[in-house]
Amino acid sequence: ASTTATLAMGDALAVALLESRGFTREDFALAHPGGRLGRRLLVRVADVMNTGKDIPKVGPDAMLAEGLLEMTRKSLGMTAVIDAAGRLLGVFTDGDLRRAVDRAVDIHRTPMRDVMTAGCKTIGPAALAAEAVRLMEQFKITALLVVDDRDVVVGALNVHNLLRAGVM
C-alpha cells in the first residue's frame, strides 16, 4: 500500500508541476508526436488529404456517367461538383447514386447539378484531422471535401486517409 501511495503522490506532484509551468496537451503532443494524443493534436487535414489530380471533381453540366467514372477513378466514394473557378457547388456520393438509381435517372442524360447534394459538409485544410473524424462521426459520412476560405476545393479525404494517418 505504501508504494502505491508513493506512486500516487509522485504523479500528483508531476501534474501539479506541469500545470504550474503551463504545460499543455499540445506541448505533450510535441514531445510525443508518435503517440495517439500526439497524432490527434498535430496532424492537420492538409497532411492527409488528397490534392491536385487526386481530387475527384466534375462540373455541374457533366453527365452523371462522367461523375461516376470520376468517383471510380479517384476511389473516395464521392466527387465534388465545382464551378469554373473551382468553387464548390455540391457533392455526389454513393448515397446520391443509390437515390438516383431508385428514381431511375438516365446516367447519360442527367447532369450532375440535378443529382448532387448542395450545402454539403466541408472542412478547411488547417483544421485538425481529429476534427474531420468528429464531423464524419457526427454526420455519419465517410468522406469530406476540403475548401479554402473562398470555398475553392483544395482537397478531399475519407476515413481511409485518417486510418492510415493513425488519427482514427
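Which residues lie nearest the centre of the largest pocket?

**Figure 1. The largest pocket of the predicted model and its lining.** Val91, Thr93, Ile141, Thr142 and Ala143 lie nearest the centre of the pocket, whose lining comprises 20 residues. The space within the largest pocket amounts to about 400 Å³. At least two lining residues come from each of strand 3, helix 6 and strand 5 (143-147). The largest contribution to this lining is that of helix 6, which provides five residues.

Figure 2. Asp96 belongs to helix 6, which spans residues 94-102. Is Asp96 buried or exposed? Its relative accessible area is 5%, below the 20% limit, and Asp96 is therefore classed as buried. The side chain of Asp96 forms a polar contact of 2.7 Å with the side chain of Thr117. When neighbours within four places in sequence are set aside, the residues in contact with Asp96 are Val91, Val115 and Thr117.

Figure 3. Strand 1 and strand 2 (residues 78-82) run parallel and are joined by two bridges. Within this pair, Val58 is positioned opposite Val81 of strand 2. As background to this view, strands of a sheet pair through backbone hydrogen bonds, in either a parallel or an antiparallel manner.

**Figure 4. Helix 5 and the elements against which its buried residues pack.** Helix 5 covers residues 64-74, and its buried residues are Leu64, Ala65, Gly67, Leu68, Glu70, Met71 and Lys74. Strand 1, strand 2, strand 3 and helix 6 are the elements against which these buried residues pack. In an α-helix there are 3.6 residues a turn, so residues three or four places apart point the same way. Ser75 follows helix 5 and has a positive phi, near 55°.

Figure 5. Thr122 has Leu145, in strand 5, as its bridge partner.

**Figure 6. Helix 7 and the residue just after it.** The buried residues in helix 7 (residues 129-139) include Ala129, Ala130, Ala132, Val133, Leu135 and Met136. Lys140, just after this helix, adopts a positive phi of about 55°.

**Figure 7. The chain as a whole, for orientation.** The chain comprises eight helices and six strands. Starting at the N terminus, its elements follow the order α-α-α-α-β-α-β-β-α-β-α-β-β-α. Among its 168 residues, 38% count as buried. Of the contacts in the chain with a separation of 6 or more, 55% are between residues 24 or more positions apart. The accessible surface of the chain is about 9,800 Å², and carbon and sulfur atoms account for 57% of this surface.

Notes: Residues numbered from 1 in each chain as written. Predicted model: local features only at pLDDT ≥ 70, side-chain atom pairs only at ≥ 80, totals over all residues. Heavy atoms only, no water. Pairing = 2+ DSSP bridges. Helix = DSSP H or I, 4+ residues; strand = E, 2+ residues; numbered from the N terminus. Buried < 20%, exposed > 50% of the residue type's maximum accessible area, 1.4 Å probe, protein only. Polar contact = N/O pair within 3.5 Å; in protein donor to acceptor, adjacent residues only side chain to side chain. Contact = heavy atoms within 4.5 Å. Areas by Shrake-Rupley, 256 points an atom, 1.4 Å probe, with all protein chains shown as cover. 1 Å grid on protein atoms, 1.4 Å probe; cavity = no way out; pocket = protein on both sides within 12 Å on 5 of 7 lines; lining within 4 Å. Points joined across faces, edges and corners; volume = space filled by probe spheres on them.
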